[in-house]
Structures are given as C-alpha cells and as structure tokens.
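Subject: Structure for you to look at

Hello,

Here is the structure I promised to pass on. Please open it first and then read the notes below.

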Amino acid sequence: MPRRHSRFVRIFGTIVFAVVTVLFAALIVNAFMNGGKPLTTLVPKGPSAQSIQNLVLPVFAIAGVVFVGVMGAVVFISWKFRETDEDDPEEFPEQVHGRTVLEIGWTILPALILAGVAVGTVVTLLELNKKDPEAIQVEVTGQQWWWQYKYDLNGDGNFDGAEDITTATEMVIPAGRPIEVTTTSNDVIHSFWIPGLNGKKDAVPGLHSPLKLEADDPGVFRGQCTEYCGLSHANMRMLVRALPSEEYDAWVKNQLKGHEAQPSGELAKEGRKTWESLCAQCHVIKGINDAKIKDNPPPLVSGVAPDLTHLMTRGTFAGSIFNLYADVQSTSPNSNGDQLGTDPTDVAAAGNPGAALTGGKVDEATVNRTALEAWLRNPPAQKPMYAQGGRGMPNLGLTEVQIDQLVAFLTTLN
Ligand SMILES: [Cu+2]
C-alpha cells in the first residue's frame, strides 16, 4: 500500500510554509526600518561606524544571495522530486555517484566567498584599530551601574592629573575629532556600545581595551551596556554628547574648575553642609573633598561613585535613565513614545543643560526637580540596586527639608 499524505496535511504544510516565509520577510524589513530605534546599528554617524557598515552591507548581500539560492534549490528539488501517485514506494532510487565538476565547484566557491569576506574583515579591523596621534584619550570605566569618563588632556598617559578631567554618565566630545577610548571595569564585565559611532567593546576588570570613536556632526548618541552585569544592567545606559569644537573647548575649561567657594543662598549653604556630612564619603566634588576621598575610598564594591563636581552640565543622571532637565518634548520620540530621542540633533530629548553645559547659569525653571528629588528620597526605588551589598546608592532616609537643601546645593554645580 503506497503511503500518501492526506489533502489536509498538504494544505496545512503549504500554509505553515507561507506564514513562516512572510514572518521572516517582515523581520528582515523591520530590521532595516530605523524610525524610532535609538540603538540602530544601520545608521552610522561617524567614520568607525561607517567602516563597519561598509563591511556589513556587502557581506549581508552575499549571505542573502547564498541563502535565497540554497533555500530556493531546497524548495525546488523537494517539489520536483516529491512522491507522486505513480511512484512505487518500495522501489529503491537509482544511486548516482561522482560529478567532479560540481564537487570541485561547490568546494571552491564557498572557500572563495569566505576568503573574500575574510579580506574585507581584516582590512576593516586594521582600519578600526589604526592609532591616531591627534586623538583625545578617554578612559571609560564601567561599574554597577553607571559609566565614568576620564580625559587625559595633556597626553602624559596619566588620567588623574590636575589638568585632566573626571566625569560620569555622559561623555562629551568634539564633533569631527577622533577619540581613543580605553574601556575597563571596576567590578564585573560590562560592554561599552554606542551603535551610531562604533561597535561594542567589553569593559573587563584589569584589562584596557581600545575603541575609536568619532562623531561626524554635533548631536547626542545613545548607548546601552551590552554585557549582562547584574540587577540594573538594563538601566546602565550611556550617552555621548558631541559638540562643535569651540563649545567643547568651553566645556573642558569649565570641567577643570572646582567649587572652593560657598554657594550663594541660605538653602544652598545648608545643602552643602548636609552634602558634606551625608554624601561626601562616596561622591567627589572637586575643591571640597577630592583630596580627602583619595585616602578613604567610598564603601562600594567598585570603590567609586559618580563625580558630582559638574552635575548640572549633564542632561541625564543615574546611568542616563532620568533627564536632569525638564522633560522637554522630544521632536523624535521613539516607537515606545518615550523621550529616548532617535535623532542625534534632537538634544532636548536627552535633557538639555543649555548654557550650564559649558559652565553658564543653570536655568532653574528647566531643572527636572521631580526626578532629582525622587532619586534623593529613595534611589533603589528609582533604579534597582543592591546598595546593602555595596552596589549602588543607598536610601539615606533624608527628610524633605534635607532634600530641598540638597537640591538647592546640587543645582549650583554647573
Ligand atoms: Cu553593565
């Protein structure tokens, strides 16, 4: 008795095949539509990302041709040589062996394709890793769950000199100039990734790994830690702010300053006192406790908390998950409708410090007090952290009066 598939099985199989094909095609098309995706890898905004793109597109095209060719052949052959009513299921098919030209062909062709891809890959890698004597040196350190940036401005190989900069959460760079980043970590393995500017680079404790970045134009570029690093891994974002050259120079000049003088205003003066008694064991404000903290590192696994010297020059805080400046309406909200802008020229979406970015006056009306107060009231409620284990900022049980004082003081840190 010949074995036959029922009509039902055949129709069902055809439908499943069609659905899978359509879904797969939709997946590919969706991947190439960039609207609303701040972390797209397909819209390069700098030379390194462009080199990667120049490699990815042809490789993807070749892979696509191979995929369609092989799958097409599989479908065609399955259909052409399918079992029909005339076939005798007991019959043993004719055995064929040896087709030298074909065998050599399908051995050599893949080898040639892979060799071509390898050449392209090696050339791209060399290009991405080329040293640039003009580059600005920035050491990027990951820790649970935020990023620290140190700039070696005079190129002496030391990142902690008086003429160097330490900052957190946001990396500020001049547009059109190469930056040589070195990634490392203070606790577990993280991974630094700004898809608009380059690929990923793991941040591994004890290792210093190079990564070149450059933004073609001013704007803000989003990133996300891409190596699972514990509780708030998903809330460990990064933000690169590329500025026109003169604005960057002004930013540098301001970052080099400290805060020796008392702030003006009674509330802010009280806030400074509260800060010195409750916060100074962890956070540095240059001019106030930078010397002291060197001998008494913070009680944290990473041994460091974000530098707050120029807090108000940043648009975001706590791993770039909250806007420090009022939730200005983004002109390019992402597909979830939130404020993670997708357009690098949409600076407001990343919290806009305005004049404060380069040391000018903080416009208090635009400060996102709600988010800042909520953070001080109970940080682990805003962002999951394991503070009792020395990972993250603890709830310090501040009173509303202390919070008001602290906000008054913090908003003087331009
Ligand atoms: Cu991480």
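A residue is called buried if 20 or more other C-beta atoms lie within 10 Å of its own, exposed if 12 or fewer do, and partly exposed in between, with C-beta atoms placed from the backbone. Helices (H or I, at least four residues) and strands (E, at least two) are DSSP runs, numbered from the N terminus. By these terms strand E2 (residues 146–152) is mostly covered, as seven of its seven residues are buried.

Two notes on the source. This is a predicted model, in which local features need pLDDT of at least 70 and side-chain atom pairs count only at pLDDT 80 or more, while totals for chains, interfaces and linings use all residues. Residues are numbered from 1 along each chain as its sequence is written.

Two strands pair if DSSP finds at least two bridges between them. E2 runs antiparallel to strand E1 (residues 136–143), and seven bridges join them. One of the bridge partners is tryptophan 147 in E2, for glycine 142. E1 and E2 form a hairpin, with two residues between them. E2 is also joined to strand E3 (residues 165–168), by four bridges, and these two run antiparallel. Here lysine 150 has threonine 166 in E3 as its bridge partner.

The three-stranded sheet

An open sheet of three strands has the order E4-E10-E9, and its pairing is mixed. Strand E4 (170–174) and strand E9 (219–224) each have a single partner strand and stand at the edges, so one side of each has no neighbour in the sheet. On average, neighbouring strands of this sheet are turned by 20° against each other, direction ignored. (Axes are lines fitted to C-alpha atoms, for helices over the stretch in contact, and angles run from 0 to 180 degrees between N-to-C directions.) E4 and strand E10 (residues 237–243) run parallel and are joined by five bridges. Isoleucine 173 has alanine 242 in E10 as its bridge partner.

Helix H4

Helix H4 (residues 245–255) packs on this sheet and touches E4 and E10, and its direction makes about 130° with that of E4. Its buried residues are Tyr248, Trp251 and Gln255. Seen down the axis of H4, these fall within an arc of 55°, so they line one face of the helix; the arc is that of the directions from the helix axis to the C-beta atoms. An α-helix has 3.6 residues a turn, so residues three or four places apart point the same way. The buried residues of H4 pack against E3, E4 and E10. Exposed Glu246 and Lys253 sit on the face of H4 turned away from its buried side.

The nonpolar core

A nonpolar core is a set of buried Ala, Val, Leu, Ile, Met, Phe, Trp, Tyr and Cys residues joined through C-beta atoms within 7 Å. The largest one has 64 residues, of which Val138, Ile173 and Val240 touch the most other members. E10 gives the most to this core, with five residues. Two residues are in contact if their C-beta atoms, placed from the backbone, lie within 7 Å. Leaving aside neighbours within four places in sequence, valine 138 is in contact with Tyr149, Lys150, Tyr151, Met171, Ile179 and Val181.

Regards
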